[in-house]
Every structure is written in C-alpha cells, then in structure tokens.
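Let's take a walk through this model, one piece at a time. Keep the 3D view open while you read.

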Amino acid sequence: MNTTSSPFLSIITVNRNNAEGLRHTMQSVFNLTFKDFEYIIIDGASTDNSVQVIKEFLAVPEYAEKITFWCSEPDKGIYNAMNKGLQYVNGLLVNMMNSGDCFISDSLEKLPLWYKENPHSVLHGAISKYDDGVFVGAEGQPSIKIDTTPLCHQASFIPMELHKKFGGYDEQYRIYADFELWNRFKKNNVQFYWINHIICDFEGGGLSSIINKKRWQEKDAIMKKYGTYHRNPLKEFIKNFIPYGILKLLQNRHSFQ
C-alpha cells in the first residue's frame, strides 16, 4: 500500500448517457478488495439519469470519501474527457475504467507488488470480454504488439509520472488516441510489463470497435508517424488477425488468476 497521504491508484471513469453502465462500473470500483485508491468521474453532460446515479453513490459516506472529483459538463469527446480527468489525479498510477466495464473484485490485490517489481513501467493485464452480456473469452495483449494493436485501457495502469513527462491523449485522434499514446511511450523507451491476470469484465463495442474509414485512417496515420506502417505487411497482417493464442480462453475466465 502507499504510505503517503496520496493514493496508490487513481481510477477515472468517463461517461455519457450510460446511466446503468455507470452504475455497474461504480459499484465494481467500490467492491474492490484493494482500497488504496481515489475515484474521479467525468460525465459529459448526460441527459439521462447518470448524474442521479453519481449522487446516489455520493450519499453513501464510505463511497463519497473515495470520490475526490466529479463533474457533469460538455466535453469534446472521450479523450478530451480522459484528459480532463488526468488534471485531478493525485495517485501514483492511473487506470481508465470507462462506464459499462467492471473490475473483478480481487483483481488488484497484487498491484503494489507488480509495480514494486517493475517501477516506472506501464502494467497491463487481461480482460474477460463480453458481447451483449455473453462471455466470449479472455484476452490479453502481449507487449510486442503495442506498435500495431492498442492495449485495453481498462486493464492497464499508467504511472502518472509518464503523463507528466510525455503528455496525455492527443485529441486530434478521435478514435485511436490511446494507440498513439502507447506508441509515444514506446518511442520514449517506456517499459511495458504484462500482468498474467484478468483485471476486469469488458463489454464489446465502443468507439474503437466501429469499423469505418476514419478508424483505419487514424491508425495508419499513427503507424506512419512512428515508423511502423507496412514495415512488414504480411507479418503485421498476421499479428493483427491471429487470435491472442495462449492469452485467449475458451470458457474459463479465471484460468489467468
């Protein structure tokens, strides 16, 4: 555990018009057996019951003391909201747990040990993936694929010192700003450490899952920026479309644990 007055972990949830997803996410945060965290909620001026959900949790003292900042106001998109959340971080590590996705309650017990053994590194683990509530498998991202395939934010923990040194999310990328961030870190010799552990339940869909021309244009632009575009077309095709191999589970999400 962190022995200073600052929390070990800052969890940021961004949300817009997903009240029930937000409720599930917030409950999973407060159900964590690991307690050395603060919670930051950035709502994008939702017109549903999202703000009411936040206020319901704020009415519970043990939850309210963990929520160090929340707001509900217009933003310029998901990465603008994430950047806004980073302004209020007091923790050593940062996790982005977007509304609709949920922590597994005991998944962070070893987080301080993982970081102690790999200081200043981005820690990244596996997810249990669901499509429309149906479990489809567990997935994790080996570090070797970071330059061609984004990590899952919800299972990643970024030292805040890296954001202070290398910046937040480049908002010119509306869909793949996270992918640009991983590549920026890698270019600056940041180390990535794989956690062989499932961190959260992840509901498929979302902005980056939308198949459209803009998505691929952004990804190609980022790969060109960092010199990984068509470095080896056949190899990159295989890396992107072969399943995660030993990291993909058929049925039992707890096999990693």
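At what angle do helix H7 (residues 177-187) and helix H8 (residues 213-225) pack? The angle is about 10°, and their axes are 10 Å apart.

## Before we go on

What you see is a predicted model, where local features need pLDDT of at least 70, side-chain atom pairs count only at pLDDT 80 or more, and totals for chains, interfaces and linings use all residues. Residues are numbered from 1 along each chain as its sequence is written, and side-chain values use heavy atoms, with hydrogens and water left out.

Helices (H or I, at least four residues) and strands (E, at least two) are DSSP runs, numbered from the N terminus.

## Helix H7 and its neighbours

Back to that angle: it is taken between N-to-C directions, from 0 to 180 degrees, with axes fitted as lines to C-alpha atoms over the stretch in contact. H7 and H8 therefore count as roughly parallel (angles under 35 degrees; over 145 is roughly antiparallel, 65 to 115 roughly perpendicular and the rest oblique). Phe179, Glu180 and Asn183 in H7 meet Lys219, Ile222, Met223 and Lys225 in H8, where contact means heavy atoms within 4.5 Å.

H7 is mostly covered, with nine of its eleven residues buried (under 20% relative accessible area, with exposed over 50% and partly exposed in between, using a 1.4 Å probe and protein chains only). Those buried residues pack against several elements, including helix H4 (78-86), strand E9 (192-203) and H8. After H7 comes asparagine 189, with a positive phi near 65°.

## Strand E1, wrapped up

Now find strand E1 (residues 9-15): seven of its seven residues are buried, so the rest of the structure largely encloses it. On one side sit Leu9, Ile11, Thr13 and Asn15, on the other Ser10, Ile12 and Val14, and all are buried.

E1 runs parallel to strand E2 (residues 37-43), joined by seven bridges; strands pair if DSSP finds at least two bridges between them. Isoleucine 12 stands opposite isoleucine 40 in E2. E1 also pairs in the parallel sense with strand E4 (residues 93-96), over four bridges, and there serine 10 has valine 94 as its bridge partner.

## A look at leucine 123

Leucine 123 belongs to strand E6 (residues 122-131). It has 0% relative accessibility, so leucine 123 counts as buried. Tyrosine 193 is 70 residues away from leucine 123 in sequence, yet their C-alpha atoms are 4.9 Å apart in space. Leaving out residues up to four places away in sequence, leucine 123 touches residues including Leu93, Trp114, Phe157 and Tyr193.
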